Each structure stands twice: as C-alpha cells, then as structure tokens.
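Here are my notes on this one, as numbered points. Have the structure open while you read.

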Amino acid sequence: MPVIVKLFALLRRYRPDVPRGGTLSLDLGADTTVGEVLKQLGIPDGAPVVAMVNGTVRGPDYTLSDGDQLYLFPPVSGG
Amino acid sequence: MPEIGARLRELAEKHVDARGRKVLLVSIATVDRVAGETGHSRRQVEIAALREQVLPQRYGRNLGTVGYEGQIALLEAKVGIVGIGGLGGWVVEGLARMGVGHLVLIDGDVFQEGNLNRQALCVEGNVGQPKVDAARDRVLVVNGAVQVDAFQVRAGQGEMVELLTGCDVIVDALDALPIRLVLQAVAERLNVPLVHGAIAGFVGQVMTIFPGDPGLRALYGEKAPPEHGIEAQWGNPAATPLMVAAWQIHEVVKLVTGRGEPLRRRMLFLDGEVGVVDVLQV
C-alpha cells in the first residue's frame, strides 16, 4: 500500500534523494506501523520526532492505512 | 473627550498624502502638549486623535495596513508576553512600535552571556540584569504611550492566570515544552487566543491557538513532554528568533484589529536552511 512521507528540517538527511520540499512515496505492507517506517528510514530509536498522520499526531504503534500522509518533524521548543 | 479632539485639530499640521488626500498630523511633542494641558495620558490623547481622524505621525506607516480603527484597537489592546528571550525581546519591540497600548511582560530570568547572540534586549552592559527590566526600559524609549506591567517571576499556572487576566491576546515566547502546555491551559482558562512560536537551529514554527483548539496538546500530548525539543542540539542562531517573532507580531496585530486570517489550526513550519515553508493542519 502506498503511503506519502514528508521529512521536515534535518530529518531530510535520512532521505537526501528527496528534492527539497518534496515527498516520498513508500510502498508498505499492510499493517505497517509508524515505528516501522521510522526504522525503515534509518531514524534511530528514541530520536526526537513528532509523527503526524493526516494531521493528527500518532505514536510509533499506530498502524498506517492505504494513502495515509505521514509527516515527520522535530519537536521545536526554543525561545 | 471632544475638547481634546478640537485642540488636536487646532494644533495638527495639514498634509496631503501620496494619493492626494488631506491628512491631519500630530507629532509626539503635540500629543504630549495636549496630554499636559488636559491631564490625560499620551495613549489616551493618541486614541482621541485617531477618533478625530488626526494621525499621530509615528503611526503613519501603520495606517495603510490597519487603518484608523485598527490603530485605535491596537492602542486599546492589552497583550501578555510570556518569556522575554530570543522571541519575546523582538515581540516586545515590534508590538511597542505598532502601538499596542498595554503590555504585560513575564520572565523570571536574568540575562546571560549566552543570550547575546540573538536576544534583542541583551547587551554586554546588562548581563546579570532581569530581562523584564530591560524590556520595560526598551518600551519606554521606543513608545512612551505604551503602559508596561513587568513581572520578574517564574510563574506557575495560578500566578499566570492572575497576571494575565484582562489580556486580549497572549504570546507564547517560552523556551520549554511543559510550561508552554501550562500557558495554553492558562489562555484557555482566560478565554483568549495564544500565539505560539518556537525555534531551533534554522527552523521555527508559529501557530495561533484559540480556546478549545488542540494546539500544543495535539503536537506533544497531554502527558509530561520532554523539557526541550531539538534546539538542545541545534542551538538558536541570531536570525531564527527574528523570523518567528515577526510572524508572531503579525498574528497579534491581526487578532487585535480583526484583519487577515490567523494561523488557526495551521502551524507554519519555517525551514530557513533550505528555504521551505510548510503549513501543517493541526
């Protein structure tokens, strides 16, 4: 099943082949979780990442569905 | 205050603007003169002037954007700024220049040398001094019409509710996640919008959270989030707070004047490193 992934800020470095501002289309098996996608992208366990699926923040155990949009961005809190 | 209006019209300079329209202008000296004659504050005189379509010259370049009514709304507004660091310093500067009439400033910290790279109000001579004192001094020299209430305190929820009561808008210029979530609850309790801004490295984010909106809770959950985000690794260079504070200032101006569309349920995510701006639905 296809899932659209967008990597923000320095998370782009895990897929430098994606043009800036662009998205990545991953063909995933059924029942793939957010955590499994992070692993597939080479993002280490425990790395600071906020995962948003179709506009809602989800944890690593969330199961993705066909056509989902997964946005991955860092938590930003400096002031 | 009709007699103030008549006096201001009498003292105003008549100009013709670039579009050929007649404009009545008053200088700071004239406003102060009328304030002295009538026993009103500079802010009250500026509001009275604007009601008479007499323009304090200092707001001339605001006029095309916010109009007379918008400038009056700004002068009548009370805005709370929590955190007077990288973001808050520039927000204070911008809101004072726009003519927001009443600013409530809250920050418990004193300046440190590590603030000099980015914090508008931190200079070599005030390291060790309270940030809110520098902010109050700055507002006084930028715009003497602005009333400032400055509180050097690390306020918890109850204290923030007390200090921010009566504010029309609150600006989140804090630097740690848990207290930002507390501030969102405070704004909700006071039933006013919260203009969130945060920075890390080349990256910043801005979002306006109305009471009832998920806002930061959607991003970081209800449970205790980590103290800091990615800025702990990426640092905070000089330009990023300006970039985000500028958007926060615009959000406040829009909320107060009713112009434009706030970034509600939309988070602006600015990546200065590659020059990409995204809007995330939140």
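1. What share of the contacts in chain A with a separation of 6 or more comes from residues 24 or more positions apart? The share is 60%, where a contact means two C-beta atoms, placed from the backbone, within 7 Å.

2. Before going on, keep in mind that this is a predicted model, where local features need pLDDT of at least 70, side-chain atom pairs count only at pLDDT 80 or more, and totals for chains, interfaces and linings use all residues. Residues are numbered from 1 along each chain as its sequence is written, while chains are lettered from A and ligands numbered from 1 in the order in which they are written.

3. Chain A has one helix and five strands, in the order β-β-α-β-β-β from the N terminus. Helices here are DSSP runs of H or I with at least four residues, strands are runs of E with at least two, and both are numbered from the N terminus.

4. On overall shape, the C-alpha trace of chain A spans about 40 × 25 × 25 Å along its principal axes. Of its 79 residues, 33% count as buried, i.e. 20 or more other C-beta atoms (placed from the backbone) lie within 10 Å of the residue's own.

5. Chain B splits into domain 1 (2-73) and domain 2 (77-281), with bounds from an automatic or database domain assignment. Their C-alpha centres lie 30 Å apart. Nine residues from domain 1 of chain B and eleven from domain 2 of chain B make the contact. On the domain 1 side, α3 (42-51) and α4 (60-76) of chain B each give two or more residues, and α4(B) gives the most, with five.

Notes: Buried ≥ 20, exposed ≤ 12 C-beta atoms within 10 Å, placed from the backbone.
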